[in-house]
Amino acid sequence: MDWLTNPDIWIAFATLTSLEIVLGIDNIVFISIMAGRLPEESQAKARNLGLTLAMLLRIVLLFAIAWVIGLTAPLFAVLGEEFSGRDLILVGGGLFLVAKSTYEIHHKLEGEEGGAPGAKKAYPSFRNVIFQILILDLVFSLDSVITAVGMVDEIGVMIAAVIVAVTVMLIGAGPISRFVEEHPTVKMLALSFLLLIGVTLIIEGFDQHIPKGYIYFSMAFALFVELLNLRVRRRRRKPIRLRETGSIKSARVPR
């Protein structure tokens, strides 16, 4: 129990928790967009289940830390480029994210009005949505766990940081999801972020490292500009003026 009074442990815990929250933002965006395809009464359940699965998966990977570290060992080489288990997971997850983001962008731009008039809106199955969330949870969790291992030695601190970070994400997932769904341009921007993250994962799978600071700064700047646009558009909306009944005079129809 000496770690309770060790300030270095608490500093590492706070830093790791903050990083886990930042690394989990893209996970929240993906889960929110996928849950938004479900009926309204099932969306909160899908978000909570998706984030809970992400937390459990990260904890399992932390206990299987030797296996995770082993994923960095080269398995084979193609044209002089060595590929490890981690590289294959990153490339596969990146391709999935690029394909899914492209499909969602196409659906939002051209697929909304494609149905027949009066036709009932078709929803994907709950199980299918959760399965897709679980696939991306694996990719995001792998990145998160490798970051945790590089910062902290105590597995208890890692697990505590993951639990706190996911709890914060569970609290913020609802408001973030509603905000994204209520603003189509923000949703399109979020899909573009996921497309960017997918390309980044593929590049990292080929051992070409891109500093995360560049990615997150560009995403934060684009989001800031979009928030300014939302504020400007809100100010430009003209208020609706109701006509007073007393000012309406009955017109006489000439005989």
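**Figure 1. Lys100, a buried lysine in helix H5.** Lys100 is buried, with a relative accessible area of 13%, in this predicted model. Look for Lys100 in helix H5. What does its side chain make a polar contact with? The partner is the side chain of Gln132, at 2.9 Å. Setting aside neighbours within four places in sequence, Lys100 is in contact with Phe30, Met34 and Gln132.

**Figure 2. Phe30 and the largest nonpolar core.** Phe30 is among the residues with the most contacts inside the largest nonpolar core, alongside Leu51, Leu97, Ile133 and Leu194. This core has 45 residues. Helices H1 (7-23), H2, H3, H5 (85-111), H6 (126-151), H7 (155-182), H8 (184-205) and H9 (212-236) each supply at least two of its residues. In soluble globular proteins, nonpolar side chains tend to be buried together. Not counting residues up to four places away in sequence, Phe30 touches Phe96, Leu97, Lys100, Gln132, Ile133, Leu136 and Leu194.

**Figure 3. Where helix H2 meets helix H3.** Helix H2 spans residues 25-35, and it packs against H3 at an angle of about 145 degrees, with the two axes 9 Å apart. The crossing of H2 and H3 is right-handed. Which residues of H2 take part in the meeting with H3? They are Asn27, Ile28, Ile31, Ser32 and Ala35, and on the H3 side they meet Gln43, Ala46, Arg47, Gly50, Leu51, Ala54 and Arg58.

**Figure 4. A closer look at Gln43 in helix H3.** Gln43 belongs to helix H3, which covers residues 40-63. Is Gln43 buried or exposed? At a relative accessible area of 16%, Gln43 counts as buried because the cut-off for that label is under 20%. A polar atom of the Gln43 side chain lies 3.1 Å from the backbone oxygen of Leu38. Beyond its neighbours within four places in sequence, Gln43 is in contact with Ala35, Gly36 and Leu38. Ser32 sits 11 residues from Gln43 along the chain, and their C-alpha atoms are separated by 8.2 Å.

**Figure 5. Glu226, a buried glutamate in helix H9.** Glu226 lies in helix H9 and counts as buried, at 12% relative accessibility. Which side chain does that of Glu226 make a polar contact with? It is the side chain of Arg233, at 3.2 Å. Leaving aside neighbours within four places in sequence, the contacts of Glu226 are Thr185, Val186, Leu189 and Arg233.

**Figure 6. Asp207 in the loop between H8 and H9.** Find Asp207 in the loop that runs between H8 and H9. Its phi is near 60 degrees, a positive value in a residue other than glycine. Asp207 counts as partly exposed, at 45% relative accessibility.

**Figure 7. Stepping back to the protein as a whole.** The protein has nine helices and two strands. In sequence order, they follow the pattern α-α-α-α-β-β-α-α-α-α-α. Of its 255 residues, 38% count as buried. Among contacts with a separation of 6 or more, 80% come from residues 24 or more positions apart.

Note on methods: Residues are numbered from 1 along each chain as its sequence is written. This is a predicted model: local features need pLDDT of at least 70, side-chain atom pairs count only at pLDDT 80 or more; totals for chains, interfaces and linings use all residues. Side-chain values use heavy atoms; hydrogens and water are left out. Helices (H or I, at least four residues) and strands (E, at least two) are DSSP runs, numbered from the N terminus. Buried means under 20% relative accessible area, exposed over 50%, partly exposed in between (1.4 Å probe, protein chains only). Contact means heavy atoms within 4.5 Å. A polar contact is a pair of N or O atoms within 3.5 Å; within protein, one must be able to donate a hydrogen and the other to accept it, and residues adjacent in sequence count only if both atoms are side-chain atoms. Axes are lines fitted to C-alpha atoms, for helices over the stretch in contact, and angles run from 0 to 180 degrees between N-to-C directions. A crossing is left-handed if the near helix is turned anticlockwise from the far one by less than a right angle, and right-handed if clockwise. A nonpolar core is a set of buried Ala, Val, Leu, Ile, Met, Phe, Trp, Tyr and Cys residues joined through side-chain atoms within 4.5 Å.
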